[in-house]
Amino acid sequence: MYLKKIAIKDVGPIADLSFDLPFDGDKPKPLVLVGPNGSGKSTFLSFIVNALINFKQFIHPNAEVEQGKVFRTRSPRFIRSGADSCHAVVEFEDGLTMTEDTLNRSWKDFKTDATSKDLVDRWKNVKDNQTSLFKLDPERDDSTVRKLFGSNAVLYFPSDRFELPDWLNERSLSDELRFPRADHL
């Protein structure tokens with residue numbers, strides 16, 4: 001399964017990033033993310049991982065990540081300074097798409113000021129008190145998702161991570177679970 005396109009706007013350090021990933025015919029070219037700490041590399045990757053985890057949950061309800069959990073939870077604190085909302089779209093082959101939006105206030109309070117027709121269309125069926133939107137397309141367990149995620153879908157969790165991920169299941173937490181301190185490496 002190949003990543004085709006990603007667009008991120010006003011998320012943390014990323015002001016506006018949108019591009020189609022490079023291909024040589026039908027084969028993807030490598031993508032290397034380079035930048036200083038805090039420049040958005042992990043944020044960029046977290047959108048891709050969120051999509052993969054949630055599409056996998058369509059096919060495997062007992063996946064290693066519980067239903068409804070994501071790799072990195074979004075909140076208004078992820079919105080870029082000075083912006084009112086943030087938005088991301090991750091598109092894979094065969095039209096599998098994940099869209100995430102986060103507002104700095106409830107939809108009820110936000111929609112009176114909303115000027116983007118795309119934003120209004122995405123939020124048209126959302127409850128007034130909501131501040132975030134997470135949408136997968138297709139939204140159901142269909143043959144495309146089954147074909148792409150029916151096998152070989154794995155989760156990678158780096159061993160040198162210093163903080164617990166947002167999605168870590170409560171049943172996995174224990175007093176023995178510890179990560180090394182940075183000053184001991």
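Strand β5 (residues 85-92) and β6 run antiparallel and are joined by 7 bridges; strands here are DSSP runs of type E with at least two residues, helices are H or I runs of at least four, and both are numbered from the N terminus. Two strands count as paired if DSSP finds at least two bridges between them. This is a predicted model, in which local features need pLDDT of at least 70 and side-chain atom pairs count only at pLDDT 80 or more, while totals for chains, interfaces and linings use all residues. Residues are numbered from 1 along each chain as its sequence is written, and side-chain values use heavy atoms, leaving out hydrogens and water.

On its other pairing, β6 meets strand β7 (residues 132-137), again antiparallel.

| Strand pair | Bridges | Opposite residues |
|---|---|---|
| β5 and β6 | 7 bridges | Val89 and Thr99 |

Now to β6 itself (residues 97-103): 7 of its 7 residues are buried, so the strand is largely enclosed by the rest of the structure. Buried means under 20% relative accessible area, exposed over 50%, and partly exposed in between, with a 1.4 Å probe and protein chains only. In a regular strand, side chains alternate between the two faces of the sheet. Thr97, Thr99, Asp101 and Leu103 point one way, and Met98, Glu100 and Thr102 the other.

Let's finish with helix α1 (residues 41-59), which holds Ile48. Ile48 counts as buried because its relative accessibility is 12%. Leaving aside residues up to four places away in sequence, Ile48 touches Leu3, Ile6, Val90 and Phe92, where contact means heavy atoms within 4.5 Å.
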